[in-house]
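Trainee: Please take a close look at the pockets of this model. I would like to know what lines them.

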Amino acid sequence: MRHNGQLKTAGMFAEFGPVRSTEPQESIFDHVAGEELPDLGQVLDYLNAGYVLIDVMDIADDPFEPTRQIMNGSTVLTDGDWL
């Protein structure tokens, strides 16, 4: 794992709670696709190869069904450049 300065963030959506970042948080709803990614297998391989930085169990509001709460296993992974 390498680290060349400040880590960049991806997937830190506003619906999952605030983060310490100077970048504005985007909404998860702006990233919901109508169809599956053509390179989904490669994307999943990349994401599954990350190193665990933070692993926490909690309860969160379901961003897709606000009347529900879900068990949320918040895990932040890194490849050394991205969180």
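Mentor: In this predicted model, the second largest pocket holds about 230 Å³ of space. Its lining is made up of Thr9, Ala10, Gly11, Met12, Phe13, Val19, Ser21, Glu23, Pro24, Gln25, Glu26 and His31. Sorted by class, five of these residues are nonpolar, five are polar and two are charged.

The largest pocket contains about 1,600 Å³ of space. It is lined by 49 residues, and those closest to its centre are Ala10, Gly11, Met12, Phe13 and Leu83. Three elements each supply two or more residues to this lining: helix H1 (40-48), strand S1 (51-62) and strand S2 (65-78). Strand S2 contributes the most, with eight residues. By class, the lining of the largest pocket consists of 24 nonpolar, 15 polar and 10 charged residues. Ala10, Gly11, Met12 and Phe13 are also among the residues that line the second largest pocket.

As for charged pairs, one salt bridge is found in a search of the whole structure. The partners are Arg68 and Asp62, whose closest N and O atoms are 3.7 Å apart. The pair counts as a salt bridge because the cut-off between such atoms is 4 Å. Asp62 has a relative accessible area of 11%, so this residue is buried. Arg68 has a relative accessible area of 45% and is therefore partly exposed.

Methods: Residues numbered from 1 in each chain as written. Predicted model: local features only at pLDDT ≥ 70, side-chain atom pairs only at ≥ 80, totals over all residues. Heavy atoms only, no water. 1 Å grid on protein atoms, 1.4 Å probe; cavity = no way out; pocket = protein on both sides within 12 Å on 5 of 7 lines; lining within 4 Å. Points joined across faces, edges and corners; volume = space filled by probe spheres on them. Helix = DSSP H or I, 4+ residues; strand = E, 2+ residues; numbered from the N terminus. Nonpolar A, V, L, I, M, F, W, Y, C, P; charged D, E, K, R; others polar. Salt bridge = Lys/Arg side-chain N within 4 Å of Asp/Glu carboxyl O. Buried < 20%, exposed > 50% of the residue type's maximum accessible area, 1.4 Å probe, protein only.
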